[in-house]
Amino acid sequence: MTEPDPVLLEQRYRAVLRLLPASYRAEREDEMVAAFMEMSGEVPDERGPRPRWDEIASVAALAVRVRLGAPGAEPRLVAWGEAVRLVALLGVGFQALISLYSLLSLGAAALLVEPPSARHIATTMANCAWIAAYLAVMRGHVRRAKAAALVGCGSSLYVLATGLPVEFLGWSEAAVALILVTTMLALLAGFHRGVQPARRPWGRAVAPLAVAVLPLTLEAPLIALMNAMPPADSEGLMWAAFWLGPEGLAILAVLVAGAVALTRRRSPSVLLALATAGMLLAAYRLPVGLPLEFNQPLWVTGVVQCGMLAVMVSLLLVTGIRALPAGRPASL
Amino acid sequence: MFLALTALVDEPRHGYGIVQEVDRLSGGRVQLKIGSLYGVLDRLAADGLVGLDREEVQQGRLRRYYRLTDDGARALAAEAARLAANAEVATARLRARADTGPETAAPESAPRERGRSSTGRAPSTRPATALAVLACTALTALAARAAADGGVA
């Protein structure tokens, strides 16, 4: 057997293949380099040959898929991929619930208070693309889910960026944008071609949307009471309001789900997905740039919620990472 | 996946061999990138549709040859039959349309030069015909393989 002289192009292909996980490279690198070199032909180093951009992009896409549990990936990466898909499901589900809650609030306000503006109606309806995305991903229609989520995400980011004057945009808006972008990326990357999405029955897909009614039924009497009481007396109710809104209930849900997942020793993917959801919610609730005297109930509730989430996220992360399967080389 | 499986019907091939065969089978329309090829091979291997045939070292470089498994042949036959049935339906409808005369469907449209599309470009191969040809190629190759193996693929 004669070893070929190392050539610049081969070295560069090997550099590109470093995008792939080490376990996958150990199995495939030599074979892939051979295929690349056959495809390119023997190009003299003097010409300074480089891998083509479309080939680099195809290796990068393969690297993302393998790192997120495509066939051929080691069990540890399969578990990470499952965690990312769960983050996507939780994120899309949360956005769908927020959209449905906004739609119901809009309807209630139109009936009881005053007709909303055309812009308010248009953005609320556009945000409902999240509901379509949620139903599509639960039914296993990944492409439709991604397309609908892109519409929903664009609409939500537009509302976020234009809802307040630029000088008032701050930490909480950045945190909401982070939640939206993380959800979108998890959906786009997690549900890749190597994944066979689960097709859940309609009943299981639709039933969770009923939760959107919960914050409305809890908030409505609270708001009615606050409006009926003198402002000085209604401050006590504000403390409850920050727990009973959609974000407050989402935090409670993550805390309860985290405790259940820890006690029932659920899979590391579930623990890591809940930890990610907890971190994103904590980032949103963190009272950054908000003076205590501005709104004491909001500030103190935010600190308490972040503290509880920090404890739960730490437990979930430590337990989840320790429970991940040990890394081992992939095999065909 | 269909083309990659079809490329392995007549003989085991290595990575770049599959790329070349897919290019040939598709008339140059599908040019697999190496990253995409190995993603496809991983999926096919995970589903048991292809398997490792042998390894060779050519000029100091590793070549792994992949072969179609019996499950792969069955899956390809099913997919080829499905595509052929779709193509048959399309062909039958096109034949019926040609028999009744397509001009009756659009009496108000301006007469066009025969054999040219509305954009003025030369017509490309109809998708139905292309699918039919591809499916028939796959079925023929599978039948030849079955005959060579002395069994049913």
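This report describes the chain interface, the pockets and the cavities of a predicted model.

## Interface between chain A and chain B

Chain A contributes 30 residues to the contact with chain B, and chain B contributes 22 residues. The area buried between the two chains is about 2300 Å². Carbon and sulfur atoms account for 57% of that area.

On the side of chain A that touches chain B, two elements give two or more residues: helix H2 (22-40) and helix H3 (53-67) of chain A. H2(A) supplies the largest share of this side, namely twelve residues. Classified by residue type, the side of chain A that touches chain B comprises 14 nonpolar, three polar and 13 charged residues.

## Salt bridges and polar contacts

Over all chains, the whole structure contains 23 salt bridges. Five salt bridges are found across the interface of chain A and chain B. Twelve residue pairs are in polar contact across this interface, with both residues of each pair at pLDDT 80 or more.

A salt bridge joins Arg63(B) to Glu38(A), with 2.7 Å between the closest N and O atoms. This pair crosses between chains: Arg63(B) belongs to strand S3 of chain B, and Glu38(A) belongs to helix H2 of chain A.

## Largest pocket

The largest pocket holds about 1200 Å³ of space. Its lining consists of 37 residues, of which Leu89(A), Leu90(A), Phe94(A), Leu97(A) and Ala253(A) are the closest to the pocket centre.

Six helices of chain A give two or more residues to the lining of the largest pocket: helix H4 (75-112), helix H6 (129-138), helix H8 (171-190), helix H10 (213-228), helix H12 (246-263) and helix H13 (268-285). H4(A) gives the most to this lining, with ten residues. By class, the lining of the largest pocket is made up of 31 nonpolar, three polar and three charged residues.

## Second largest pocket

About 920 Å³ of space lies in the second largest pocket. This pocket has 30 lining residues, and those nearest its centre are Ile98(A), Ser102(A), Val159(A), Leu160(A) and Glu247(A).

At least two residues of the lining of the second largest pocket come from each of H4, helix H5 (118-127), helix H7 (142-162), H8, H12 and H13 of chain A. The most, nine residues, are given by H4(A), and H4(A) also gives the most to the lining of the largest pocket. The lining of the second largest pocket divides by class into 16 nonpolar, eleven polar and three charged residues.

## Largest cavity

Two cavities of 30 Å³ or more are present in the structure. The largest cavity contains about 40 Å³ of space. From chain A, its lining includes Leu62(A), Arg65(A), Ala70(A), Pro71(A) and Gly194(A). From chain B, the lining includes Gly39(B), Asp42(B) and Arg43(B).

H3 of chain A and helix H3 (34-46) of chain B are the elements that give two or more residues to the lining of the largest cavity. H3(B) gives the most, with three residues. In terms of class, the lining of the largest cavity has three nonpolar, two polar and three charged residues.

## Second largest cavity

The second largest cavity has a volume of about 30 Å³. Residues of both chains line this cavity: Glu31(A), Ala34(A), Ala35(A) and Glu38(A) from chain A, together with His14(B), Gly15(B), Tyr16(B), Tyr38(B), Leu62(B), Arg63(B) and Arg64(B) from chain B.

The elements that give two or more residues to the lining of the second largest cavity are H2 of chain A, helix H2 (15-25) of chain B and strand S3 (61-68) of chain B. H2(A) gives the most to this lining, with four residues; H2(A) also provides the largest share of the side of chain A that touches chain B. The residues lining the second largest cavity comprise five nonpolar, two polar and four charged residues.

Key: Residues are numbered from 1 along each chain as its sequence is written. Chains are lettered from A and ligands numbered from 1 in the order in which they are written. This is a predicted model: local features need pLDDT of at least 70, side-chain atom pairs count only at pLDDT 80 or more; totals for chains, interfaces and linings use all residues. Side-chain values use heavy atoms; hydrogens and water are left out. Contact means heavy atoms within 4.5 Å. Buried area is the accessible area (1.4 Å probe) that two parts lose on being put together, summed over both. A salt bridge is a side-chain nitrogen of Lys or Arg within 4 Å of a carboxyl oxygen of Asp or Glu. A polar contact is a pair of N or O atoms within 3.5 Å; within protein, one must be able to donate a hydrogen and the other to accept it, and residues adjacent in sequence count only if both atoms are side-chain atoms. Ala, Val, Leu, Ile, Met, Phe, Trp, Tyr, Cys and Pro count as nonpolar, Asp, Glu, Lys and Arg as charged, and the others, Gly among them, as polar. On a 1 Å grid over the protein atoms alone, a cavity is a set of points where a 1.4 Å probe fits but cannot get out, and a pocket is an open set with protein on both sides within 12 Å along at least five of seven lines; lining residues have an atom within 4 Å of a point. Grid points are joined across faces, edges and corners, and a volume is the space filled by probe spheres set on the points.
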